[in-house]
Amino acid sequence: MPRFSVIVPVFKVQGFLRECLDSVLEQSFDDLEVIAVDDCSPDGCGAILDEYAARDPRVKAVHLPENVGLGRARNAGLPHATGDYVLFLDSDDRYTPGLLRAVADRLDATGDPDILVFDHVRTHWWGRAGRSDAADLLEQAGAGTFDIRRSPEYLRLFLVAWNKAYRRDFFLGHGFRYRPGLYEDAPVSYQSMVTAERIACLDRVGVEYRQRRQGAITRTPGRKHFDIFEQYEGLFAFLAERPGLDWARPLLFERALDHMLFAVARPERVLRGDRKEFYRHIRAFYRRHVPPGFTPPPDSRRGEIRLLALAPHHRAHLALGLWRRGGKATRRAASRLRDLVARHAKRSWYRVQLRRPLDPRLAVYSAGHSRAVNGDPRAIHAKAAELAPRVRGVWVVRPDALDRVPPGVECVTTGSWRYYRVMARATHWFNDCNWAGDLVKRPGSVHVQTHRGTPLKHMALDLLDRPGARHGTNVRGMLRRSDRWDVSLVANRHSEEVWQRAYPCHFASLRSGSPRNDVLVSGGAEHGTGRGAQLRERLGIDARETVVLYAPTLRDYRRGRHVWRVGLEALTASLGPGHRLLVRLHPSLARHPERALVLRDLHRSGALTDVTDEPHVEDVLLAADALVTDYSALMFDYAVLDRPIVIHADDWAAFRATRGAYFDITAEPPGHVTRSDEELAKAFTSGAWRDEESARLRAAFRERFCEYDDGRAAERVVRQILLGEPSEAMTADGDGREDGDGREDGDGREDGDGREDGDGHTRQDGGVVRIPKAADRSARRPQLR
């Protein structure tokens with residue numbers, strides 16, 4: 001007897017059927033059977049089912065003599081099910097990898113409950129959406145079980161058959177069956193949920209719910225949507241036969257009305273000419289089934305439900321909806337007007353502040369487009385507090401990033417009155433991205449561009465012949481903002497040369513090294529101590545574990561700029577016991593649906609640790625014993641630690657063709673290069689990741705790209721820029737800047753470590769530059785001496 005019986009009703013889905021079946025049969029948990037019910041499909045579905053059944057004994061193909069519809073096709077599969085649990089999967093949807101293993105583990109942990117519910121994601125024909133509205137409920141459920149009488153809020157879980165695993169004895173014992181017609185999921189979902197004594201939840205995305213452009217019957221308007229009334233009449237007939245469920249009648253009554261009102265308000269379901277009749281049916285249902293003393297709960301469509309008892313005509317209900325929508329529109333318009341007036345007043349205030357003299361003891365800092373307090377600006381700010389305490393440092397952050405500002409750090413929020421006053425008078429400006437375009441570069445001020453990493457990928461001007469990579473990037477605006485740079489920090493001569501070509505602007509290069517990497521120079525000497533050890537302890541990583549960090553970069557050839565190039569579960573398995581895999585996505589992908597669909601589930605299961613939200617990437621680098629990356633600028637920083645690096649370059653040809661690169665990372669790598677999951681796994685199982693050849697490649701890489709990283713970069717910047725001490729590390733430069741369109745990258749893109757991969761940059765003309773002391777500054781640019 002298998003653990004799971006997966007029933008798949010099939011009708012006119014030959015273009016999706018193979019993908020659906022493969023998603024089940026290729027699960028890592030294989031103690032299952034698939035009962036595929038051919039609902040007399042007129043296309044090639046029947047032949048596909050026979051093909052799968054012939055080659056995989058776990059597949060049973062059931063061919064119906066006539067079309068009976070989705071609900072009854074599910075019923076037809078039930079007699080063939082022999083598993084402990086029954087699951088239903090629509091034939092145009094698919095399971096996510098690892099779902100059934102996770103379901104089996106949760107069932108074992110909760111002692112085989114009656115029902116287990118898991119999450120889903122909608123996949124539209126134009127792209128994937130995020131998690132369902134029920135995600136918070138699933139998370140709150142925890143690892144235990146509950147019943148609906150004590151936890152009625154769980155009746156709000158999505159009303160479908162395919163997001164649940166039913167214990168077969170429970171499902172068949174209560175005689176649950178799907179009725180013909182649309183909305184067949186609702187009665188069975190509600191019947192089973194209020195009957196079950198033990199319900200468990202799995203906070204994991206298990207199904208990709210395909211929203212087809214054509215063919216979805218729930219999006220086809222017509223009289224079929226009147227089936228909803230017969231379905232709910234069947235539900236209340238079920239309740240009438242079971243007096244022990246009287247407590248559930250008010251809950252299900254509210255849920256039924258909510259569903260009906262939802263349907264009538266959607267033109268893709270109920271035709272305009274049918275709305276009056278549909279509304280009469282809702283009112284009739286209300287009169288027949290309203291429980292004594294019923295009061296709609298606050299979180300329901302309370303106003304619309306109350307209106308059903310009072311309004312004799314559907315137009316009153318529609319008027320209520322229009323009134324609500326109109327009120328929201330009025331409030332939005334008023335809010336926009338207030339914002340417009342406030343912006344105009346603040347800009348006028350800014351112009352007044354610009355007439356005041358610069359404050360030589362005021363410096364402003366920004367990082368990550370004002371979303372964080374980290375990176376090079378943070379390192380410089382800390383060193384300035386030590387060496388130049390008379391210079392007041394103020395951070396610029398967005399309003400939604402205030403919670404990321406450390407205690408005791410002075411800050412202003414973008415767009416505020418204080419922001420414009422501070423920005424008008426600050427003499428020193430430090431940023432790893434470009435400043436907002438409406439800010440004025442004043443004579444005598446010094447703008448320092450720190451950048452966000454050594455560039456491997458093409459940046460700025462070099463993107464002009466890469467139309468795919470610069471899609472949505474305003475290169476002209478990027479260069480216009482970069483014209484405000486006075487000083488560009490560089491960590492190696494490679495960066496200096498690249499910035500000269502990519503950013504044809506006038507600035508000086510300071511061969512300072514990367515201030516953010518100072519801690520890597522000092523912290524790398526004593527592995528297992530300091531900030532890296534603190535992070536390991538906070539993450540629950542044993543000091544004896546070998547930590548492998550996987551940090552992929554963005555893909556310009558992919559919508560959303562994200563694609564998984566490594567099988568995370570396979571990599572974790574290949575590392576074996578005694579190892580911990582950390583994964584850090586690019587910060588711009590922190591809210592990407594793929595993170596919620598894949599990485600979040602693996603993190604919660606303990607298969608790996610997601611460190612995307614760690615505010616300081618330097619701590620993550622210090623905690624890692626090895627780095628696996630593809631083309632992220634993070635490799636240049638990690639090389640400072642002189643620890644093993646593996647380059648996974650399975651799509652190097654495509655990446656280089658679409659984005660462009662300044663050199664071939666596969667020919668001059670910092671360690672071994674792999675091109676498949678198998679090669680990557682072998683690199684670790686064989687020990688090649690830290691062999692002599694790996695050390696030789698890393699030494700050459702470090703010599704070239706860690707040239708100026710000696711642990712004194714922040715000090716060098718503070719002494720040169722804030723204290724005006726002379727330095728031979730400054731050279732007259734070409735130009736540099738970041739993507740002035742306000743994009744997340746310095747090329748128009750940011751790099752996978754959470755740093756921008758090059759946005760302001762330099763050119764060496766050979767002259768040494770002196771930055772005058774603040775009191776002496778009168779010219780816009782540093783003067784050659």
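These legends go with close-up views of a predicted model. Residues are numbered from 1 along each chain as its sequence is written, and side-chain values use heavy atoms, with hydrogens and water left out. Local features need pLDDT of at least 70, side-chain atom pairs count only at pLDDT 80 or more, and totals for chains, interfaces and linings use all residues.

**View 1. The largest nonpolar core.** This core has 64 residues, and F88, Y232, L252, M260 and F278 touch the most other members. Helix α9 (residues 249–264) gives the largest share, eight residues. Here a nonpolar core is a set of buried Ala, Val, Leu, Ile, Met, Phe, Trp, Tyr and Cys residues joined through side-chain atoms within 4.5 Å. Buried means under 20% relative accessible area, exposed over 50% and partly exposed in between (1.4 Å probe, protein chains only). Another core, of 52 residues, lies apart from this one and includes A502 and L520.

**View 2. Helix α9 beside helix α10 (residues 275–289)**. The two axes come within 10 Å and cross at roughly 175 degrees, which means that α9 is roughly antiparallel to α10 (angles over 145 degrees count as such). Among the residues that meet are F253 and M260 in α9, with F278 and F285 in α10; contact means heavy atoms within 4.5 Å.

**View 3. A close look at V521.** You will find V521 in helix α17 (residues 518–523), where V521 is partly exposed, with a relative accessible area of 28%. V521 touches V640, D709, D710 and G711, leaving aside residues up to four places away in sequence. L641 is 120 residues from V521 in sequence, yet 6.6 Å away in space, C-alpha to C-alpha.

Terms used. Helix = DSSP H or I, 4+ residues; strand = E, 2+ residues; numbered from the N terminus. Axes fitted to C-alpha atoms, helices over the stretch in contact; angles between N-to-C directions. Parallel < 35°, antiparallel > 145°, perpendicular 65-115°, else oblique.
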